[in-house]
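Hi everyone, thanks for making time for this.

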Amino acid sequence: MKKAAIMFILFFAFTLSLNAQKSNKIEFTEYDLDNGLHVILHKDNSTPIVAVTIMYHVGSKNEDPERTGFAHFFEHLLFEGSENIKRGEFDKYITNAGGVNNANTSFDRTFYYELLPSNQLELGLWLESERLMHANIETIGVETQREVVKEEKRQRYDNRPYGSLMIEVFKRAYTKHPYQWMPIGSLDHLTAASLEEFIDFYKTYYVPENATLSIAGDIDVEETKKLVAKYFADIPSGGKDIPRPDIVEPEQKKEVRDIVYDQIQLPAVVEAYHIPAQGTEDAYALSMLSTLLSDGQSSRMYKSLVDEQQKAISAGAFPFALEDPGLYLIYAIANMGVNVEELESSVDEQIERVKNELISETEFQKIRNQVENDFISQNSTMAGVAENLANYHVYFGDANLVNTEIERFMSVTREDIQTVANKYLKKENRVVLYYLPESARDQPAESEVKADN
């Protein structure tokens, strides 16, 4: 009971909005250790909390096409323990200290974090140094985590309505680039992989020169530097080039359409358009376009498709702004009795509207305010600050974008939003999927939907 109370207080304190950051610049110190580890330190003594995070520049796009799922698998495997941490003990160190921890994997990176009382900073550094230098890559842990990942896939993808949506979209949108598979990867590949292959992946990507240690919270910068040196300076660098995919996805010149049958009750329409990589000028305008179309119940798609026409129970648009060129996804889940052709037509009406009509000044100011508020909110927790500092360094080599990137959003004009809509939201540049209930598989189709794979 006492431990639960401590955890609740810690979590509540940690998630309090740091209002001071709305007006103050986020100050930080960054440097490299001799082994190549990049370190970023942000001091904020407003609450006795510290976020210890480490980001590895490895995601699913770094994988062998015959061994997909490795990056995500390691997110699980590296909680198994180390030479100095017994199996199953990693999480116990955190919970016994009154903290929480987790990790996540994307197409482009893997991120681990601990949220701790600030007097437990050294514990977090020790745990992450063990993960980096002494992780146990052994048969018992591999077999255990194989089962964990299988269960995760069943829960998140196989047995969840529309759970396979992203898998089905990305494998059709990409024909060459490794974004064609999701981070969950193939369970067959993980089953077939040898212990030696896992060890090689660890030695290749889990090295100091491929990692960014980002710490934010109630710290003394000089003392933290000493602790970082104590736990990380002696870890040897990998000493070899880190593989980076250089595959360029060919330009899509013809619309791809297909039907996916799933264990769902209501049909859905999904459209995916190719867009440029994150950080490019057009990426900011596309992000603001998604705010216009689907940020909240007053957004265009929700207001039109859900409220007014009542053709959908849910609708949205969001960009997958990735390190390499990504996708802009638009979806709508049909209301009862609405067929997918009718729903697609209503979705496309909203796209054509933004392509043909310049948005009003009032609407434009509203989305600017929303974007600015979202940007501030990303830095409203210590974990958010630490992760964003690491992201900006890893992807752009400029951690100070945590303070300045909002300027690039604010420089987007109404004309820019209309321009990117016309430039990228073209039929020849998209994949369209009709998601239909499994029960409709043997029924006459409402229309001929041809797969152009």
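Let's begin on the inside. The largest nonpolar core here has 78 residues, and the ones with the most contacts inside it are Leu 125, Phe 170 and Phe 232. Helix H4, residues 121–133, gives the most to this core, with 6 residues. Two domains take part: the core draws at least three residues from each of domain 1 (28–233) and domain 2 (256–440). Apart from this core lies another one, of 57 residues, and among its members are Ala 51, Leu 292, Tyr 392 and Tyr 424.

Before going further, please keep in mind that this is a predicted model. How confident is the prediction? The mean pLDDT of the protein is 92, and 93% of its residues reach 70 or more. Over residues 1–22, though, the pLDDT is below 50, and beyond near neighbours in sequence this stretch has 38 contacts in the model. Residues 446–453 also stay under 50, with 19 contacts beyond four places in sequence. Where pLDDT is low, the predicted coordinates should not be read in detail.

Now back to Phe 170, one of the residues with the most contacts inside the largest core. Leaving out residues up to four places away in sequence, Phe 170 touches Phe 107, Tyr 179, Gln 180, Met 182, Phe 320, Leu 322 and Leu 327. Phe 170 is also among the buried residues of helix H6, together with Leu 165, Met 166, Glu 168, Val 169, Arg 172 and Ala 173. That makes 7 of the 9 residues of H6 (165–173) buried, so this helix is largely enclosed by the rest of the structure. What covers those buried residues? The cover includes strands E7 (256–262), E8 (268–275), E9 (312–320), E10 (326–334) and E11 (430–437).

A word on annotation. An unreviewed UniProt entry places the feature "domain: Peptidase M16 N-terminal" at residues 39–175. In the model, the end C-alpha atoms of residues 39–175 lie 37 Å apart, and the span is 42% helix and 20% strand.

Take Tyr 56 and Tyr 112: they form an edge-to-face pair, 5.9 Å centre to centre, with 85° between the planes. This pair links distant parts of the chain, with Tyr 56 in strand E3 (residues 49–56) and Tyr 112 in strand E5 (residues 110–117), 56 residues apart. Both Tyr 56 and Tyr 112 are buried. Tyr 202 and Tyr 206 have ring centres 5.7 Å apart and planes at 20°, so that pair is stacked. Tyr 202 and Tyr 206 are buried too. These four tyrosines belong to one aromatic cluster, whose members also include Phe 70, Phe 90, Phe 198 and Tyr 205.

One last stop: Val 306, which you'll find in helix H11, residues 300–308. Is Val 306 buried or exposed? Its relative accessible area is 14%, so Val 306 counts as buried. Beyond its neighbours within four places in sequence, Val 306 is in contact with Met 301, Ala 312, Ile 313, Ser 314 and Ala 315. For a sense of scale, the C-alpha atoms of Val 306 and Leu 195 are separated by 51 Å, and these two residues are 111 apart along the chain.

Definitions and conventions. Residues are numbered from 1 along each chain as its sequence is written. This is a predicted model: local features need pLDDT of at least 70, side-chain atom pairs count only at pLDDT 80 or more; totals for chains, interfaces and linings use all residues. Side-chain values use heavy atoms; hydrogens and water are left out. A nonpolar core is a set of buried Ala, Val, Leu, Ile, Met, Phe, Trp, Tyr and Cys residues joined through side-chain atoms within 4.5 Å. Buried means under 20% relative accessible area, exposed over 50%, partly exposed in between (1.4 Å probe, protein chains only). Helices (H or I, at least four residues) and strands (E, at least two) are DSSP runs, numbered from the N terminus. Domain bounds come from an automatic or database domain assignment. Contact means heavy atoms within 4.5 Å. UniProt positions are given in the numbering used here, feature names are shortened, and annotations may be inferred rather than shown by experiment. pLDDT is the predictor's confidence in each residue, from 0 to 100. Rings of Phe, Tyr and Trp (its six-membered ring) pair if their centres lie within 6.5 Å; planes under 30 degrees apart count as stacked, over 60 as edge-to-face and the rest as tilted.
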